[in-house]
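Hello,

Here is the structure we spoke about, for you to look through. My notes on what was found follow below it.

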Amino acid sequence: MTEQDPLAAVRARIDAAARLAHRQDAATLIAVSKTRTAEEIEPLLAAGQRVFGENRVQEAQGKWPALRERYSGVELHLVGQLQSNKAADAVALFDAIHSVDRPSLVDALGAACANAGKHPACFVQVNIGDEPQKGGCGVADLPALLERARAAELTIAGLMAVPPADLEPAPYFALLAKLARDHGLGGLSMGMSNDLETAVMLGATHVRVGTALFGARA
Ligand SMILES: *Cc1c(COP(=O)(O)O)cnc(C)c1O
């Protein structure tokens with residue numbers, strides 16, 4: 001590992017945290033490539049990274065079909081808010097959707113999955129700090145939303161959250177982990193550039209990292 005190699009550095013951070021937590025299983029690194037050009041993304045692909053995250057369907061549609069022709073085995077995750085009218089496009093393009101957060105979207109995704117015969121891994125996004133301005137379903141609304149998602153035959157992989165900015169994230173990660181356990185869900189999408197060690201130590205199965213890989217966004 002060299003300091004000039006951000007991918008190796010991020011992987012080392014994940015591995016070090018997993019070792020500290022005596023974890024045997026690895027957390028998946030999702031390289032969040034939103035706002036980045038194909039030219040910025042290619043070095044990571046060339047270095048072997050295959051799991052990427054985008055936050056806009058249209059932007060991803062513009063970049064990824066061509067990249068997928070050149071690099072096999074790419075796994076694409078949607079980590080941004082999804083409008084119900086884009087559900088079919090999202091199901092067609094993405095292998096995982098981390099922003100399932102309301103009944104209307106559950107229904108739209110259920111119909112889109114059935115129609116396409118394709119079942120991306122779905123994470124239910126939880127508004128873990130109950131912040132009024134933030135996406136995600138309220139903690140109190142989670143049981144009903146999960147029930148609806150199961151009825152819609154979505155493939156529920158786990159839970160996702162972004163903790164409140166400027167607060168210690170550990171209690172929020174721990175709460176998300178508890179909610180996942182309570183509902184028998186194995187997947188935990190939590191942790192970003194600044195807090196991925198804490199997330200991995202608290203059981204994250206997927207960390208979503210942009211800035212630490214690509215530099216600050218414009
Ligand atoms: C942009 C984004 C990330 C990556 O954040 P960084 O701080 O750049 O690592 C992770 N998760 C979501 C939902 C995002 O929108």
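**Pockets and ligand**

The second largest pocket is lined by Asn55, Arg56, Val57, Gln58, Gln81, Leu82, Gln83, Lys86 and Arg102. Please keep in mind that the model is predicted. The space in this second largest pocket comes to about 250 Å³. Sorted by class, its lining has two nonpolar, four polar and three charged residues.

The largest pocket has a volume of about 590 Å³. It is lined by 26 residues, of which Lys34, Val162, Met192, Arg208 and Arg217 are the closest to its centre. Eleven residues of this lining are nonpolar, nine are polar and six are charged.

Where does the ligand sit? It is in the largest pocket. Around the ligand are Val32, Lys34, Val79, Met160, Met192, Ser193, Arg208, Val209, Gly210, Thr211 and Arg217. This shell has five nonpolar, three polar and three charged residues.

Some of the shell residues come with distances to oxygen atoms of the ligand:

- Thr211: an N or O atom of the side chain is 2.5 Å from an oxygen atom of the ligand.
- Lys34: an N or O atom in the side chain is 2.6 Å from an oxygen atom of the ligand.
- Gly210: here a backbone N or O atom is 2.8 Å from an oxygen atom of the ligand.

How much of the ligand does the protein bury? Taken alone, the ligand exposes 390 Å², and the protein buries 87% of that.

Regards

Terms used:
Residues numbered from 1 in each chain as written. Predicted model: local features only at pLDDT ≥ 70, side-chain atom pairs only at ≥ 80, totals over all residues. Heavy atoms only, no water. Near = heavy atom within 4 Å. Polar contact = N/O pair within 3.5 Å; in protein donor to acceptor, adjacent residues only side chain to side chain. Areas by Shrake-Rupley, 256 points an atom, 1.4 Å probe, with all protein chains shown as cover. 1 Å grid on protein atoms, 1.4 Å probe; cavity = no way out; pocket = protein on both sides within 12 Å on 5 of 7 lines; lining within 4 Å. Sits in = over half its atoms within 2 Å of the grid points. Nonpolar A, V, L, I, M, F, W, Y, C, P; charged D, E, K, R; others polar. Points joined across faces, edges and corners; volume = space filled by probe spheres on them.
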